[in-house]
Amino acid sequence: MRWQVNSEEPLYTDPWLDIRVADVELPDGRHLDHRLIRTAPGAGAVVTDDQCRVLMIWRHRFITDTWGWEIPIGKIDDGEGPMTAAARETEEETGWRPGPLRALLRIQPTNGISDSVHHIFRADSATYTGPPTEAWEAERVEWVPLADIRELVGKGDIVSGTSMAALLYVLTEP
């Protein structure tokens, strides 16, 4: 059932996005043109505290015109490791520097159309360093009770696939 990629041609490329069309051969020999998106990897963190709360940002996503809670996540810069990027993104977006990070998940949220990969880490503490340096990222930053996560997912207040997968995974940890 493996599809064979015979070629890829760029349709549009900029520093954030590489949209391509691939000539793909299906197992039965048929060919199709499949669009795909190549992106730089991202990194984020699920940061919890000693009160069983998780650090979240409430933000608007203009593409879907929706509001929702998300974990802090962003692009890994050239020459930067995923863990370093997760710590940087968390502090930039929330104003909180995460404590020691450990690997949690590696997620491919849209693998039917994109090679996007998100490296998610976990921290059990954070230190407040001041207001977010990228205040445009979120309407507000809050510590949300972990006990509320399932309800927030059910209400549609958490719709980001990466945030949802990471948070629900944390809820299953012993």
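Two strands are taken to pair if DSSP finds at least two bridges between them. By this criterion, in the predicted model described here, the strands β6, β5 and β12 form an open sheet in that order, with antiparallel pairing. Strands β6 (66-70) and β12 stand at the edges of this sheet; each has a single partner strand, so one side of each is left without a neighbour in the sheet. From one strand to the next, the twist averages 30°. The antiparallel strands β5 and β6 are joined by 5 bridges, and within this pairing Trp58 has Trp69 of β6 as its bridge partner. Helix α1 packs on the sheet, where it touches β5 and β12, and its direction makes about 70° with that of β5.

A second open sheet is made of 4 strands in the order β7-β4-β10-β9, and its pairing is mixed. Its edge strands are β7 and β9 (102-107), each of which pairs on one side only. The twist in this sheet averages 25° from one strand to the next. Strand β4 is joined to β7 (residues 73-75) by 3 bridges, and the two run antiparallel. Here Gly42 stands opposite Lys75, while the bridge partner of Gly44 is Ile73. With strand β10 (residues 118-123), by contrast, β4 pairs in the parallel sense over 6 bridges; in that pairing Val47 has Ala123 as its bridge partner.

Helix α1 (residues 82-94) lies across β4, β7 and β10 and runs at about 65° to β4. Helix α3 lies across β4, β7, β9 and β10, running at about 135° to β9.

The largest nonpolar core comprises 18 residues, and those with the most contacts inside it are Val46, Val54, Met56, Ile120, Ile149 and Leu167. Two or more residues are given to this core by each of the elements β5 (53-61), β9, α2 (149-155) and α3. Apart from this core lies another, of 11 residues, among them Ala45, Leu55, Ala123 and Trp143. When neighbours within four places in sequence are left aside, the contacts of Val54 include Val46, Val47 and Thr48. Val54 is also in contact with Glu142, Trp143, Val144 and Leu146, as well as with Ile149 and Leu167.

Two individual positions were considered next. Ser163 lies in helix α3 (residues 161-172). This residue counts as buried because its relative accessibility is 1%, below the 20% cut-off for that class. The side chain of Ser163 reaches the backbone nitrogen of Ile71 at 3.0 Å. Residues up to four places away in sequence not being counted, Ser163 touches Trp69, Glu70, Ile71 and Ile158. Ala135, in turn, is found in the loop between β11 (126-128) and β12 (140-145). Its relative accessible area of 53% is over 50%, so Ala135 is classed as exposed. Ala135 and Glu92 are 43 residues apart in sequence, and their C-alpha atoms are 8.2 Å apart in space.

As for annotation, the unreviewed UniProt entry assigns residues 38-166 to "domain: Nudix hydrolase". In the model, the span of residues 38-166 is 20% helix and 37% strand, and its end C-alpha atoms lie 22 Å apart.

Key
Residues are numbered from 1 along each chain as its sequence is written. This is a predicted model: local features need pLDDT of at least 70, side-chain atom pairs count only at pLDDT 80 or more; totals for chains, interfaces and linings use all residues. Side-chain values use heavy atoms; hydrogens and water are left out. UniProt positions are given in the numbering used here, feature names are shortened, and annotations may be inferred rather than shown by experiment. Buried means under 20% relative accessible area, exposed over 50%, partly exposed in between (1.4 Å probe, protein chains only). A polar contact is a pair of N or O atoms within 3.5 Å; within protein, one must be able to donate a hydrogen and the other to accept it, and residues adjacent in sequence count only if both atoms are side-chain atoms. Contact means heavy atoms within 4.5 Å. Axes are lines fitted to C-alpha atoms, for helices over the stretch in contact, and angles run from 0 to 180 degrees between N-to-C directions. A nonpolar core is a set of buried Ala, Val, Leu, Ile, Met, Phe, Trp, Tyr and Cys residues joined through side-chain atoms within 4.5 Å.
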